[in-house]
Amino acid sequence: MTGLLAPLLALTLAGCGDSSSPRATEPSEEPAPSSQPPTESAAPPIDELCPARLALPADPDAPGSGTSGDADEAPSLPTPEQAWTCRYDPVDAGQRPEGGPGYAWVRHGEPRVVGDADLDDLAEALAHLAPFDDAGRMCTTDLGPRWLVVYPHDDGLVGVVVDDFGCRDVRLTDDPAETPPGAAEGDGLVRGALDGGAAVLAAVGVGRSS
């Protein structure tokens, strides 16, 4: 019996290694899982997120911060999944030909990423932006920096410009380099100034009171 089993065993093992076997020639239906983590989507260029200067209003009667007048309704903004903040300081730019304010808003430093832990607070603050209630409106008579909170969404950018002075006005823009704060509308954006800027600054941990 031993003599008969030995040749049969040898033939069986030879057949397992035959190159004509489907196991040896056909690739696996499912590729092996990659050990590399998925890459995050690339952020827009810095000058697209936060331009060197914010767009100025064309209206010569505008206050220099953006379009004049208050918003008539609350915005409906998309939830930020990532966001950046940039500081802008007022710089004397001389008298504008249109006769408007003689200063521009110039970026100070580089954009700062909003931490993941702060995104929920930011979304909550943005959800509560609303037209001003004149009865309870209290403003300081000072001038300070402005902050741009900017984040991408399906249709482009959402720019939330907050005055770190006065009434902490909020003005929205869909293109900080081209659309003056408060002049954007459509896709959930509204024209004019909104209340709620202090909460936005607190959510992302910037501002003179932080």
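Which residues does Val-200 touch, not counting residues up to four places away in sequence? They are Leu-122, Ala-125, Leu-126, Leu-129, Val-149 and Val-162. Contact here means heavy atoms within 4.5 Å.

Before going on, note what kind of model this is. It is predicted, so local features need pLDDT of at least 70 and side-chain atom pairs count only at pLDDT 80 or more, while totals for chains, interfaces and linings use all residues. Residues are numbered from 1 along each chain as its sequence is written, and side-chain values use heavy atoms, with hydrogens and water left out.

Start with the core. In soluble globular proteins, nonpolar side chains tend to be buried together. A nonpolar core is a set of buried Ala, Val, Leu, Ile, Met, Phe, Trp, Tyr and Cys residues joined through side-chain atoms within 4.5 Å. Buried means under 20% relative accessible area, exposed means over 50%, and partly exposed lies in between (1.4 Å probe, protein chains only). The largest core has 26 residues. Val-200 is among those with the most contacts inside it, along with Leu-77, Leu-122, Leu-126, Val-160 and Leu-172. Two or more residues come from each of H4, S3, S4, S5 and helix H5 (197–204). These labels are DSSP runs numbered from the N terminus: helices (H or I) have at least four residues, strands (E) at least two. A second, separate core has 12 residues, including Leu-49, Trp-84, Tyr-88 and Leu-157.

Now look along H5. Its buried residues are Gly-197, Val-200, Leu-201, Ala-203 and Val-204. They sit on the same side of H5, because they cover an arc of only 160 degrees around the axis. The arc is that of the directions from the helix axis to the C-beta atoms. An α-helix has 3.6 residues a turn, so residues three or four places apart point the same way. The buried residues of H5 pack against S1, S2, H4, S3, S4 and S5. Just after H5, Gly-205 takes a positive phi of about 70 degrees.

A disulfide is a covalent bond between the sulfur atoms of two cysteines. In this model, a disulfide is a pair of cysteine sulfur atoms within 2.5 Å. The whole structure has 2 disulfides. One joins Cys-50 and Cys-86, with sulfur atoms 2.1 Å apart. Cys-50 lies in the loop between helix H3 (46–49) and strand S1 (84–92), and Cys-86 lies in S1, so this pair ties together parts 36 residues apart in sequence. Both Cys-50 and Cys-86 are buried.

The other disulfide joins Cys-139 to Cys-167, S to S 1.4 Å. The torsion about this S-S bond is about 75 degrees, so the disulfide is right-handed. Cys-139 is in the loop between helix H4 (116–127) and strand S3 (146–153), and Cys-167 is in the loop between strand S4 (156–163) and strand S5 (170–173). Cys-139 is partly exposed at 41% relative accessible area, whereas Cys-167 counts as buried at 16%.

Finish with the rings. Rings of Phe, Tyr and Trp (its six-membered ring) pair if their centres lie within 6.5 Å; planes under 30 degrees apart count as stacked, over 60 as edge-to-face and the rest as tilted. The structure holds 1 aromatic pair. Trp-105 and Phe-165 have ring centres 6.0 Å apart and planes at 5 degrees, so the pair is stacked. Both Trp-105 and Phe-165 are buried. Arg-146 lies over the face of Trp-105, 4.9 Å from the ring centre. A charge sits over a ring if NZ of Lys or CZ of Arg is within 6 Å of the ring centre and within 35 degrees of the ring normal.
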